Amino acid sequence: MHRRTVLLGSGITVSALLAGCASEDGDEGDDDVEDETDDAEVGTDDETNGENGGNGDEDEDTDDESEDDTEETDDEGDDDLEERIEEGSPIEGLVIEEHELVEDDLSGSVEGLVVNESGEDVRSVQVGIVFHDADGERIDEATTSTSELADEEEWSFSVMTLEEEVASYAIGVIGAEPVERSPL
């Protein structure tokens, strides 16, 4: 009699396991989302109980902070472009010779000319532009780049914005690297 109980119990357990596996494999839609949520909740419970060395709350805070950091990074990225423009060219001799704001009915663009007077070939030359409204508030920004600019070469660029109220802009070379040539 005891043997039948064990076999019956084992049969039910195996059936339940197989049924669970079949439903997870068969429905890959919402069940996976629920399983991920359940796993996250289980992880949170484990972390709260201190089973991960007491770092549970710190891990949760880190996740929250990383989301906030991403938002702050975006804001800092805006400030960063303007700061990089103010710092000037990373390679002396990369000069924006001329630039102007050209507007039409639907957009505006800044057209300009970069001249390489550095005495060496450069690559990854980037120009950054921050567009401002009449109050001096940032309303848009953009960058453009060219892969290589030889010594004494000129590069014409055009950067467009769809903002209609552009009153002024800040512009500068924000990136460049010297081209390393082998001595051969």
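Predicted model: local features only at pLDDT ≥ 70, side-chain atom pairs only at ≥ 80, totals over all residues.
Q: Which strands make up the open sheet, and in what order?
A: Helices (H or I, at least four residues) and strands (E, at least two) are DSSP runs, numbered from the N terminus. Two strands pair if DSSP finds at least two bridges between them. Here an open sheet of three strands runs S4-S3-S6, with antiparallel pairing. S4 and S6 stand at the edges, each with a single partner strand, so one side of each has no neighbour in the sheet.

Q: How many bridges join S3 to S4?
A: There are 10 bridges, and the two strands run antiparallel. One example is glutamine 126, whose bridge partner in S4 is serine 145.

Q: Which residues touch the most other members of the largest nonpolar core?
A: In soluble globular proteins, nonpolar side chains tend to be buried together. A nonpolar core is a set of buried Ala, Val, Leu, Ile, Met, Phe, Trp, Tyr and Cys residues joined through side-chain atoms within 4.5 Å. Buried means under 20% relative accessible area, exposed over 50%, and partly exposed in between (1.4 Å probe, protein chains only). The largest core has 19 residues, of which Leu94, Val125, Val127, Ile129 and Phe157 touch the most other members. S1 (94–103), S2 (108–116), S3, S4 (138–149), S5 (154–161) and S6 (168–178) each supply at least two residues of this core. The largest share, five residues, comes from S3. Apart from this core lies another, of five residues, among them Leu81, Ile85, Val130 and Ala170.

Q: Why does the aromatic pair count as tilted?
A: A pair of aromatic rings is described by the distance of the centres and the angle of the planes. Rings of Phe, Tyr and Trp (its six-membered ring) pair if their centres lie within 6.5 Å; planes under 30 degrees apart count as stacked, over 60 as edge-to-face and the rest as tilted. The structure holds one such pair. The rings of tryptophan 155 and phenylalanine 157 have centres 5.5 Å apart and planes at 45°, so the pair is tilted. Both residues are buried.

Q: Is histidine 132 buried or exposed?
A: Histidine 132 counts as buried because its relative accessibility is 10%. Its place is in strand S3 (residues 122–132).

Q: Which side chain does histidine 132 meet in a polar contact?
A: A polar contact is a pair of N or O atoms within 3.5 Å; within protein, one must be able to donate a hydrogen and the other to accept it, and residues adjacent in sequence count only if both atoms are side-chain atoms. The side chains of histidine 132 and glutamate 82 are joined by one of 3.0 Å.

Q: Where is aspartate 105, and is this residue buried or exposed?
A: Aspartate 105 is found in the loop between S1 and S2. Aspartate 105 counts as exposed, at 77% relative accessibility.

Q: What is phi for serine 124 and for glutamate 152?
A: Serine 124, in strand S3, has a positive phi near 55°. Glutamate 152, in the loop between S4 and S5, has a positive phi of about 70°. Neither residue is a glycine. Serine 124 is partly exposed at 33%, and glutamate 152 is exposed at 56%.

Notes:
Residues numbered from 1 in each chain as written. Heavy atoms only, no water.
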